[in-house]
Amino acid sequence: MTDLLDILANPAFWVAVLRIATPLILGTLGVLLCERAGVLNLGIEGIMVAGAFTGWLAVYAGAPLWAGVGVAALTGMVFGLLHAFLTVGLALSQHVSGLGITLLATALSYFGYRVSFPKVNTPPTITPFAPMDWLPLPILNAQTSLTLFALLLVPAIAWVLYRTPLGLALRMVGENPQAAESQGVSVAGMRTGAIVAGSALMGMAGSFLTLSAFNAFFFNMVNGRGWICVALVVFASWRPGKALLGALLFAFFDALQLRLQQSGDAVLPYQIYLMLPYLLSILALVLVARKASYPQALMKPYRKGER
Amino acid sequence: MRLERRHETSRAALVLAPIGAVLFTMLVSALLVLWAGAPVGRTYALLLQGGFGSVFAWSETLTRAIPLILTGLAATVAFKARLFNIGAEGQLFAGALAAVAVGGMHGGTGFELQPWLLFPLMMLAAAVAGALLLLGPALMKNKLGVDEVVTTLLINFIVLLGVSALLDGPMKDPTAMGWPQSVSLQPDVELGKLVAQTRVHTGLLWAVSLAVIVWAIFKYTVLGFDIRAVGANARAAEFAGVPVTRTVVMVALLSGALAGLAGAIEVAGRTSYVTLDMSPGYGYTGIVIAMLAGLHPLGVIAAGVFVAGVLVGADTMSRAVGVPTYIADVIVAASLIAVLVATLLTQYRVRMTK
């Protein structure tokens, strides 16, 4: 018990929480945008891998860090466009298209990595984002500007969703596409835009791993974070503020299990602690499911003139 | 862009669409071969030769196809009822572990029984383990509306960590020099070789028989009808008196059991023990195979052999010309997307509108 208090009193713990939360915040906001417009995007896991890879490769090739983030976002947009073409244009199964994109993006990234570095065992490193130690705020000054960006993005997206005509149109397309169409909103255009923007955030979420949390690209480094974002959106009832809360809560438990695992007197095998985040996600899904207010048109393809 | 339903779709188009899509994928993937700096023609020739070009190649391909056919069937059964089971990977490991728990040799985990009794018991345990793993997500979907894709995916991670804990602890082989590896099966419950001096084992007969059984279930039984009805439109099926919940439960049990058997048969036929790397994602590849086969149980056999050939061939090819083996995964994933599009085009006509 004293151990637990020690852990919670240590600022380093909260620094870790915010760091672990950052890719989850970006990814969850990405999924949220897609789903608010009525499209599930299971491509996230692969898009994060691709973003982590291309962002890092760009910086390794000499681009500035923020350009790397931009490249990762662009990579996400390309896969987002593919997902939009398949699900919005052709009305294919959103589940299958997303999974296909995850497999494709992951395979392409690993292939690209191996072609670029055929005989390397230890991955080459870059100089990642530096902490913002000029900030007069504790904990936040140990983070990089990418974290600050993610945090600022939450109110920005909430504002767009709830306070602008664009946000209204986007939500309408996800709730009632027929009504949106009759108001002169292009359902296909709106959905494509939302998927592309959301996928850009997913790519950036991946780039946080290689450009900020670590300084190299590893296989399996995304390791299910994308799927957790998908669960977090349900937990957040499709609201940006709650998404931030969910990501932080989740990161809290993830950081806690890491500490407990390291504190030496762990009674259980370390794998049990590693399971916690996933168990927690499922629990959250079940608890929230009853009152979940899904966007009404989620996963329903829309064809003009059809009902 | 607008889609118009075609009035009729020819049988030939349905068979040719996936083949055309795969050929198209290979054509596009040639760009990656060029990027890797290898001659395209020779690379593809080596890939085909490595997968299908000799008795040895065929034996390796068929060995690899066994778990893929089974996970492909697992995905097919579930997807037919629109139960998106993405958890075949976890179910495979659960089945493998159950098989070793029942039929394991030293360490005192297994039972001491006659092989004629122990073998069916072992397979049953594996099937039950896989089935139970999918039952929870299926019921959560049906009763609470929790998306089964996310739950089955998350359970994969939980199962793999659980397997890892067991391989470090209670199920660890004390004679394995510290490697995280389970105890071995008793030799008398292992599957025999189908062809001497190769790795192909009688699990292939299991996989093919199960494909035929699943096909027969779809075609000739009430359950098969119910599954298709639920898959087509659950609400309409409910209205027409189809027992939706019972059907979903049956589908979950069947699909999970098939994936569990995939694990048990891998252990009994190939490895004889469980390791964390016994499956390089067979559960996920099974999804692609099911889609390539157009959710047809017999097509799964062909698709499974094809994908296995690409994966095996890529290993040989990579050693010869140095194109990374990941190209096989790219081809498989891109084929999935291309086949989806091609199949759609057999049913719809695309009209451009302004």
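What is the volume of the largest cavity? About 60 Å³. A cavity here is a set of points, on a 1 Å grid over the protein atoms alone, where a 1.4 Å probe fits but cannot get out. Grid points are joined across faces, edges and corners, and the volume is the space filled by probe spheres set on the points. The count comes to 1 cavity of 30 Å³ or more.

This is a predicted model, in which local features need pLDDT of at least 70 and side-chain atom pairs count only at pLDDT 80 or more, while totals for chains, interfaces and linings use all residues. Residues are numbered from 1 along each chain as its sequence is written, chains are lettered from A in the order in which they are written, and side-chain values use heavy atoms, without hydrogens or water.

Back to the cavity. Its lining includes A:Glu35, A:Leu40, A:Trp238 and A:Tyr294 from chain A. By class, the lining has 8 nonpolar, no polar and 2 charged residues. Ala, Val, Leu, Ile, Met, Phe, Trp, Tyr, Cys and Pro count as nonpolar, Asp, Glu, Lys and Arg as charged, and the others, Gly among them, as polar.

Now the chain itself. An unreviewed UniProt entry annotates "transmembrane region" on spans of chain A, among them residues 39-59 and 192-211. Such annotations may be inferred rather than shown by experiment. Residues 39-59 of chain A are 76% helix, and their end C-alpha atoms lie 32 Å apart. Residues 192-211 of chain A are 100% helix, with end C-alpha atoms 28 Å apart. Helices are DSSP runs (H or I, at least four residues).

Next, the cysteines. A:Cys34 is buried at 0% relative accessibility. A:Cys229 is buried too, also at 0%. Buried means under 20% relative accessible area, exposed over 50%, partly exposed in between (1.4 Å probe, protein chains only).

The structure holds 28 aromatic pairs over all chains. Rings of Phe, Tyr and Trp (its six-membered ring) pair if their centres lie within 6.5 Å; planes under 30 degrees apart are stacked, over 60 edge-to-face, the rest tilted. A:Phe214 and A:Phe218 pair edge-to-face, 6.1 Å centre to centre. A:Phe214 is partly exposed, at 40%. A:Phe218 is partly exposed, at 37%.

Technical notes: Helix = DSSP H or I, 4+ residues; strand = E, 2+ residues; numbered from the N terminus. 1 Å grid on protein atoms, 1.4 Å probe; cavity = no way out; pocket = protein on both sides within 12 Å on 5 of 7 lines; lining within 4 Å.
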